[in-house]
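Open the model in your viewer and keep the sequence panel beside it. This tour names what to select at each stop and says what is there.

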Amino acid sequence: MTEPEHTPPPKATPRPWGPRLAWLLGRSLLWLLGLTAALVVSVVLCGAIALSVAYPALPELDAITDYQPKLPLRVYSADGVLMGEFGDERRHFTPIAQIPKVMRDAVLAIEDARFYQHSGVDYLGVLRAGLAQFGGAGSQGASTITMQVARNFYLSTEKTLTRKLYEVLLALKIESQLSKDQILEIYMNQIYLGQRAHGFAAASEIYFGKPLQNLTVAEAAMLAGLPKAPSAYNPIANPKRATIRQRYIIDRMLENGFITAQERDEALAQKLVYRAPNDIPVHGEYVAELARQMIFAEYGPDTYTRGLQVQLTVRSDEQNVAYRALRKGLMDYEQRQHYRGPESYVDLPADPKELDARVAEALTDHPDNDELRAAVVLDASPRKVVAALQSGEVLTITGDGLKPVQSGLSDKADPKIQIRRGAIVRVLQDAKGLWTLTQQPEVEGAFVSMDPNTGAIHALVGGFDFNKNKFNHVTQAWRQPGSSFKPFIYSAALEKGFGPATVVNDAPLFFDAGTTGSQPWEPKNYDGTFDGPMTLRRALAKSKNMVSIRVLQAIGVPYARDWITRFGFEKEKHDPYLTMALGAGSVTPMQMVVAYSVFANGGYRVDPVLIAKVSDARGHVLHETPQTQPAEGLRVIEPRNAFMIDSLLQEVARSGTAAKAQATLKRPDLFGKTGTTNDSMDAWFAGFQPSLAAVVWIGYDNPRKLGSRETGGGLALPVWIQYMSTAIKNVPVSEYTPPAGVVNVNGEWYYEEFANGQGVSALSGDEHLPATPSQDEKKGILDLFR
């Protein structure tokens with residue numbers, strides 16, 4: 001039997017995987033979508049919960065909606081030049097409409113190019129920053145300008161997700177209450193930009209020395225790079241790093257369509273020039289500080305935060321001339337003094353490659369004092385000194401340039417004063433470009449000028465260097481005025497019948513010891529000579545001490561002491577002795593300019609005016625001082641008294657101890673008096689042209705002799721002349737008109753009632769004062785001249 005054929009079972013048909021995969025993918029997708037939806041719902045729910053909890057806890061926005069930035073006190077000259085700024089934050093609030101487009105564009109290009117398109121938050125950027133935080137990648141950016149405003153006003157610098165959430169919420173709240181322009185205005189005025197500068201207007205002045213409106217694309221881009229890290233991108237301290245960022249910002253400005261390709265190329269090619277730290281447009285440190293004190297007395301601590309703007313009566317051109325004139329006078333005097341030696345010594349490396357760095361390092365502690373430069377000596381001999389400046393410039397000084405320090409160049413000089421390699425010295429360049437070795441002066445000085453009719457201060461310099469000595473010698477230095485006080489004694493004498501033609505004997509005076517037991521005293525004239533009988537006109541021109549003493553004795557010390565108070569002098573500062581005739585009392589330079597102004601304006605005592613106007617940050621005037629002619633109620637002496645003294649003071653400036661004034665300035669309408677105290681401890685010149693009075697004082701803070709040959713005419717007068725040569729250059733010559741009550745007889749002026757021999761025509765020439773003057777009077781004289 002045949003075995004049946006075996007038929008294998010049919011093969012199972014494989015199930016297609018496509019539908020199954022699709023089914024699995026569909027299920028997975030649904031699961032993922034569900035999970036995502038759940039996550040989104042959870043996030044939204046969490047966000048809603050967080051928002052419901054956090055949003056009500058957000059601070060009120062009063063600090064932003066009623067933005068009141070801390071604005072410093074700013075002091076300006078009469079012609080609008082900034083003279084001083086006082087406050088912790090240097091800020092100049094500038095409305096958004098006044099911020100130039102180039103500055104706004106530079107900031108937007110680097111900080112927030114879509115600022116005007118978004119609602120305050122860059123959501124993708126925030127998400128990226130959050131993921132980076134969770135992933136441990138550190139902090140990321142993405143803060144919009146609005147978020148930066150929120151952070152700067154309300155949040156700490158802590159970098160956490162919580163703070164970022166609050167930053168986002170605050171930004172949204174800010175955007176709901178302020179316009180975009182308002183937000184940008186706050187940002188550009190509030191942001192810190194280094195060097196105590198807050199806001200771009202202040203930064204423009206500090207870094208470039210120019211107003212914001214004058215910035216170029218390159219300069220604006222440099223400033224726009226500062227908000228990220230003001231110290232790291234400071235163009236002065238870190239120029240390389242700052243320039244890299246600046247160039248990047250310029251490219252960003254091109255990418256965003258803010259500038260053209262040509263403007264980009266020009267900006268990249270521009271070489272930036274920065275304002276030097278000591279680049280001061282006008283040296284008004286003393287006058288600015290005086291204004292600050294006056295404003296603080298009125299407004300208290302708010303002085304430094306409310307943005308007060310103070311306009312002074314001081315004129316910047318006259319202020320600078322006064323500053324230069326006084327410094328030159330003090331430096332000229334210093335070059336005649338004994339050399340006290342270098343300021344310090346440093347070891348210099350033998351390797352020339354290391355020399356420049358060592359010089360720069362050594363001079364860091366010895367900064368330049370304006371035109372008085374510091375230098376390190378590289379080589380020295382009695383005939384030549386080679387020295388290097390901070391800038392690296394090397395000077396070779398020879399000839400007359402070595403005379404002021406000759407004693408320090410000798411091989412036998414005391415090691416403490418010897419000028420040798422490594423010595424730190426001072427050098428000064430003259431108008432011809434020649435250098436002279438010198439030293440910082442120890443002597444001090446003061447200068448003040450004012451309009452005698454309005455009291456407006458035109459210039460005020462309180463000393464050689466404000467940073468070295470903040471003591472204001474114009475207002476704080478009480479010094480003996482010496483012979484510059486004599487006109488006030490003569491003014492008192494006019495009311496007692498004296499006149500310019502009155503003859504008084506310039507003969508020796510002798511004081512007996514009397515009953516005091518003191519040694520006899522015999523006063524002298526400055527030149528040690530006696531010229532016999534002379535008129536008061538001649539006596540004042542030649543500053544004769546004997547004549548002044550005799551006049552004061554004749555009119556009486558008590559009377560004269562009362563009279564001088566009319567000019568603003570304090571009676572208690574002038575002891576009741578005959579020494580008052582020689583200026584033995586105490587005055588300040590400010591008192592002297594006010595007192596001489598009485599003669600200049602025809603008899604009115606006008607108080608000095610320094611502050612012309614005070615305005616708030618918005619320009620609203622808070623105070624204004626009218627500058628008017630003096631009212632009759634301010635009259636303290638008759639016009640004829642002032643006229644007669646003017647005539648005498650004009651003679652001083654024409655032929656007397658101040659003859660150099662009219663001779664140099666070549667005009668007759670100059671009036672004044674020199675003053676030199678006993679032992680030449682103080683040197684003065686006080687004088688005026690009818691439109692401007694000015695006073696100069698020179699002396700040491702701790703009174704000591706200036707030198708036997710130093711006088712007010714030699715020290716103070718040249719300073720006055722240098723100032724006046726500019727201050728009244730374009731002022732027409734003005735002569736005084738004789739007032740009522742005076743007559744001219746034979747070329748000399750008299751009070752009407754004292755003409756024709758009715759007044760004091762001559763003072764008896766007794767060669768001795770009474771043998772027994774009062775003990776107080778005798779003591780005062782002896783004290784002055786010992």
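Begin by selecting His92, Thr94, Ile99, Met188, Asn189, Phe200, Ala201 and Leu212, which line the largest cavity. A cavity here is a set of points on a 1 Å grid over the protein atoms alone where a 1.4 Å probe fits but cannot get out, and a lining residue has an atom within 4 Å of a point. Helix H7 (180-190) and helix H8 (200-208) are the elements that give two or more residues to this lining. Helices are DSSP runs of H or I with at least four residues, strands are runs of E with at least two, and both are numbered from the N terminus.

The model is predicted: local features need pLDDT of at least 70, side-chain atom pairs count only at pLDDT 80 or more, and totals for chains, interfaces and linings use all residues. Residues are numbered from 1 along each chain as its sequence is written, and side-chain values use heavy atoms, with hydrogens and water left out.

Stay with the cavity and colour its lining by residue type. How many of the lining residues are nonpolar, polar and charged? Five are nonpolar, three are polar and none is charged. In this scheme Ala, Val, Leu, Ile, Met, Phe, Trp, Tyr, Cys and Pro count as nonpolar, Asp, Glu, Lys and Arg as charged, and the others, Gly among them, as polar. The largest cavity holds about 30 Å³ of space, and the count of cavities of 30 Å³ or more is one. Volume means the space filled by probe spheres set on the points, with grid points joined across faces, edges and corners.

Next, select the strands of the mixed sheet. This open sheet has five strands in the order S2-S1-S3-S14-S15. Two strands pair if DSSP finds at least two bridges between them. Strand S2 (82-86) and strand S15 (621-624) are at the edges with a single partner strand each, so one side of each has no neighbour in the sheet. From one strand to the next the twist averages 15°; angles run from 0 to 180 degrees between N-to-C directions, and axes are lines fitted to C-alpha atoms, for helices over the stretch in contact.

Zoom in on strand S1 (residues 73-76), which runs antiparallel to S2 and is joined to S2 by four bridges. Tyr76 is opposite Leu82 in S2.

Select strand S10 (residues 444-450) with S11 to see an antiparallel pair with four bridges, where Val448 is opposite Leu460.

Two hairpins come next. Strand S5 (residues 373-381) and strand S6 (residues 384-389) pair antiparallel over six bridges, and two residues join them in a hairpin. Ala380 has Val385 in S6 as its bridge partner. Two residues lie between S19 and S20, and Asn746 in the turn has a positive phi of about 55°.

Finish by showing the side chains of Asp251 and Arg264, which form a salt bridge at 3.7 Å, N to O. A salt bridge is a side-chain nitrogen of Lys or Arg within 4 Å of a carboxyl oxygen of Asp or Glu. Asp251 is in helix H10 (residues 239-255) and Arg264 in helix H11 (residues 261-269), 13 residues apart. The structure holds 36 salt bridges.

Definitions and conventions:
1 Å grid on protein atoms, 1.4 Å probe; cavity = no way out; pocket = protein on both sides within 12 Å on 5 of 7 lines; lining within 4 Å.
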